[in-house]
Structure formats: structure tokens, C-alpha cells
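Hello,

Here is the structure I promised to pass on to you.

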Amino acid sequence: MCLATPSQSISNTTASPTEKIAILGSGNWGSAISILIGNNAQRLSHIESEVNMWVFEEKIQHNGIMRKLSHVINEDHENVKYLPDIKLPQNIRAEPDLEEACRDATLLIFVLPHQFLPPLLKKIRRVVHPSCRGVSLIKGMDFDKVNKKPVLISQSIEEIMSTDSNSPHPFSCGVLMGANVADEVAKGQICESTLACNFDPVDGIDMNERTRQVFDSPNFRVQHVKDVAGAEVSGALKNIVALGAGFVDGLDHLGGNTKAALLRVGLKEMISFCK
């Protein structure tokens, strides 16, 4: 699996004294993760308490009247369309203007379909803080039709964000991957996830640990690893193996032995693919 080279400290000329977080995406998973991030932003002194969440604006019918989704989230603190009946922290601010949502952000959280990224990133890179980094929660991989090879979404983000950016440093993007069903995370059911990143230290501060703290909570335990490629590919491929396990459950003539064999072979193939 791919391991990044040892990091070097970033000059304090681009360092931001306080973490400013922007969440890109307000669907089911984006709204669920905003609960953890919002609560941690209120608790941790090095993070600005208000967290912007970019919302693709749409009008919905709520309580018998048509309202903008961003207004509903900001006034009722609930994403009634994509995560109904669960309250969001009051410091989560829905922002339909992409550039305003990301302005001066030091940490971008990507939680939206990857096919929407290229045109959005070209706007985002103009307004973020020079020290900005990212974490992708997008499960899946892209495909290069020319070279006939899979492409990591985190690498696509890094490439576009580093082109014509206002930062003297290349944009770095990690990933957060795990068996995380959004509704269960939002309800506070215990689960775990893996943060894979190799962020450079800033003025002696371990930015990998600081990023881990953004997500970690008593009911959502986050562990850090350096293998971004391995974590990202595993996060995508595990769903294929999970589908196979579900098929076994649905067939009356197959049992636990068959599922165990499928999981073992599936994990072996995932390791082979990652290499």
C-alpha cells in the first residue's frame, strides 16, 4: 500500500491561528457528520465555533409552506429532507453560496457526489486559506478513460486544488473511511472510522492529530493511519464484499460457512487490488 514520504513543517507565514471548517455537502451523510463536527467545534478551543455547511439550494414543502432548504436548516436546525427528525447543532450554518461557505477555510470536508467536484473546486481554491487542507468522505473511485486506470478521488481533489491556487504549498487531502451508516451515526450509535492523512506539521503542531479530533467523539471513535490510498480503496471495495455477504443472507441454501469464505476471499482480493 502507498505510504507518503515524511512530512516537513509548514512556515508560519501560511498558518492559521484558528481552524475554520467548511463542509461541502448537506445530504444524508453530510448532515450526519456535521453533528459530530459541530459538537467538536463548540468543545475545542482551536476551532471556530461556527461551521459552514454548503447547501445546494432547493425549495421544499415544510409545514405546509414552500421554504428554502438553507432557511429551514438555519432556523429549525434540522435537514428535514435528507436527515429528518434529527436536530443539528445550532453552530452549523447552512450556506448556499459556495465561495462564501469556503472563504478562508483551513479544513474542507468533502461529502458530495464526486462527479460534481471539478467545477466546484475551481471556485473553492480561490477563496480558501493558503494553509487549507481537506478530508474526503466520498466512497468510490473515478476512472481515467484514457489510461484505463482507476483514479483516487483524493488525488483528483489535490490536483485540481493545487492548480492556480493562492497557496505556496500543494493542497493535501486525506480520507475518512469506515462502516458508517449515516442515520446510525446521527443517532449516536457507537461506531468507528479510520482517518488516513499525511498533513505537514504547522509550527510544531501535529495536524494529523488535530484533524482526527475534528471527527472523534465518545460514540464515533476515529483512528489515524498514513496509508491514504489503501484506506480510500478499501472504503470503496468493502461495499462490494458487503453486497456479496448480503446476497448470501438472502439465499436459503447458503449459510455462515459460505459468507465466511466470501469475506476471506473478498479481503484477499482487496489487498491485492490495493497493492
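Predicted model: local features only at pLDDT ≥ 70, side-chain atom pairs only at ≥ 80, totals over all residues.

Eight strands form an open sheet with mixed pairing, in the order β5-β2-β1-β6-β7-β10-β11-β12. β5 and β12 (220-225) are its edge strands, each pairing on one side only. From one strand to the next, the twist averages 25 degrees. Helix α2 packs on this sheet and touches β2 (51-54) and β5, and its direction makes about 165 degrees with that of β5.

For a closer look at one pair, take β6 (residues 107-110) and β7 (residues 133-136), which run in the parallel sense and are joined over four bridges. Within that pair, L108 has G134 of β7 as its bridge partner.

**The nonpolar cores**

Which residues touch the most other members of the largest nonpolar core? They are I33, I109, F215 and F220, in a core of 43 residues. Helix α1 (residues 28-43) supplies the largest share of this core, with seven residues. Leaving out residues up to four places away in sequence, F220 touches W29, I33, L36, L176, N180, V185, C191, S193 and F215. Another core lies apart from the largest one; it has 24 residues, including L24, L98, L117 and M161. As background, nonpolar side chains tend to be buried together in soluble globular proteins.

**A buried threonine**

T211 sits in helix α7 (residues 207-215). Is this residue buried or exposed? T211 counts as buried because its relative accessibility is 0%, and the cut-off for buried is under 20%. Its side chain reaches the backbone oxygen of M207 at 2.6 Å. Setting aside neighbours within four places in sequence, T211 is in contact with L107, R133, V135, L195 and F199.

**Two positive phi values**

D85 lies between α2 (69-76) and β5 (92-95), and its phi is near 70 degrees, a positive value in a residue other than glycine. With a relative accessible area of 72%, D85 is exposed, since the cut-off for that class is over 50%. D203 lies in the loop between β11 (191-196) and α7. Phi of D203 is near 50 degrees, again a positive value in a residue other than glycine.

Best wishes

Technical notes
Residues numbered from 1 in each chain as written. Heavy atoms only, no water. Buried < 20%, exposed > 50% of the residue type's maximum accessible area, 1.4 Å probe, protein only. Polar contact = N/O pair within 3.5 Å; in protein donor to acceptor, adjacent residues only side chain to side chain. Contact = heavy atoms within 4.5 Å. Pairing = 2+ DSSP bridges. Axes fitted to C-alpha atoms, helices over the stretch in contact; angles between N-to-C directions. Core = buried A, V, L, I, M, F, W, Y, C linked by side-chain atoms within 4.5 Å.
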